[in-house]
Amino acid sequence: GLSGSGKSTCLRLVSRLCEADTGHVYVGGHDVKAYPLDELRTLLGVIPQEPWLADDTLEWNIRMGQPSASESEVKAAIELAALSSSVQAMPKGLSSRVGERGGRLSGGEKQRAVIARALLRDAPLLLADEPTASVDALTEQAIVDALRKGKAGGGRRTLLVVAHRLAALCPSADRVVVFK
């Protein structure tokens, strides 16, 4: 859909970052208002349009998705997010500090770190808001591949993606909704 058509608002409604004035929003067959907010949020993994990273290590930023995750789970999420080669190229690997707002990482690395965090969370509903909006074509393909693999999630994950460019994401979509 076009800018301003309500795509991101749809994601905010699902996550209850804003409430619907009229009508209902359902997740898992239940109105989102029926879920206690903390319970609803445990069902969600979020990949925001503007990746948020704290001035800490890459590992800490990824583990925010699931602090109790094992080392092998963290590595698997990094692999799925196509971030492995970037981690290996960093002087301190996962212990490398990312800088304020992830300033020491490229735009694609920031986005893939956020994807790794969301995949590590292993939530049944993954919300992605324009996950390829600010990256080059090669990075876009790596992100699309990561989302496709992450969607599999043992066959139990729903991926809800907001995008302007349908071509990149549509080949793997079960359903496409165009907002006007």
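Is Ala-82 buried, partly exposed or exposed? At 28% relative accessibility, Ala-82 counts as partly exposed. The legends below start with the whole chain and then move to single residues in this predicted model.

**Figure 1**
Follow the chain along its sequence, and the elements come in the order α-β-β-α-β-α-α-α-α-β-α-β-α. The radius of gyration is 16 Å, close to the 16 Å that the globule rule gives for 180 residues, so the chain is as compact as a globular protein of that length. Along the principal axes, its C-alpha atoms fill a box of roughly 50 × 35 × 30 Å.

**Figure 1. Inside and surface of the protein chain.**
Of the 180 residues, 44% count as buried. The chain exposes about 9900 Å². Carbon and sulfur atoms supply 53% of that area. Now look at who touches whom. Take the contacts between residues at least 6 apart in sequence: 71% of them join residues at least 24 apart. Charged side chains come next. There are 23 positive and 21 negative ones. The centres of these two sets lie 2 Å apart.

**Figure 2. Confidence along the protein chain.**
The mean pLDDT is 86. A value of 70 or more is reached by 93% of the residues. Which element has the lowest mean pLDDT, and which the highest? Helix α8, residues 166–169, has the lowest, at 64. Helix α3, residues 58–63, has the highest, at 96. Where pLDDT is low, the predicted coordinates should not be read in detail.

Ala-82 sits in the loop between α4 (71–80) and α5 (84–89). Most residues other than glycine have a negative phi. With 28% relative accessibility, Ala-82 is partly exposed: the value falls between the 20% limit for buried and the 50% limit for exposed.

**Figure 3. Asp-122, in the loop between α6 and β4.**
Strand β4 covers residues 125–129. Phi of Asp-122 is positive, near 60°, and this residue is not a glycine either. What is the relative accessibility of Asp-122? The value is 36%, so Asp-122 counts as partly exposed.

**Figure 4. Ser-86, a buried residue of helix α5.**
The relative accessible area of Ser-86 is 11%. Buried means under 20%, so Ser-86 qualifies. Which residues does Ser-86 touch, not counting those up to four places away in sequence? They are Glu-109 and Arg-112.

**Figure 5. Leu-119, in helix α6.**
Helix α6 spans residues 107–121. Leu-119 has a relative accessible area of 7%, so it counts as buried. Compare the sequence with the fold here. Leu-119 and Lys-149 are 30 residues apart in sequence. In space, their C-alpha atoms are 9.7 Å apart.

**Figure 6. Val-161, in strand β5.**
Strand β5 runs over residues 158–162. Is Val-161 buried, partly exposed or exposed? Its relative accessibility is 28%, so Val-161 counts as partly exposed. Val-161 and Ala-146 are 15 residues apart in sequence. From C-alpha to C-alpha, Val-161 and Ala-146 are 13 Å apart in space.

Notes
Residues are numbered from 1 along each chain as its sequence is written. This is a predicted model: local features need pLDDT of at least 70, side-chain atom pairs count only at pLDDT 80 or more; totals for chains, interfaces and linings use all residues. Side-chain values use heavy atoms; hydrogens and water are left out. Helices (H or I, at least four residues) and strands (E, at least two) are DSSP runs, numbered from the N terminus. The radius of gyration is taken over C-alpha atoms; the globule rule is 2.2 Å times the number of residues to the power 0.38. Buried means under 20% relative accessible area, exposed over 50%, partly exposed in between (1.4 Å probe, protein chains only). Contact means heavy atoms within 4.5 Å. Accessible areas come from the Shrake-Rupley method with a 1.4 Å probe; for residues, only the protein chains shown count as cover. Lys and Arg count as positive and Asp and Glu as negative; His and the chain ends are not counted. The place of a charge is taken as NZ of Lys, CZ of Arg, CG of Asp or CD of Glu. pLDDT is the predictor's confidence in each residue, from 0 to 100.
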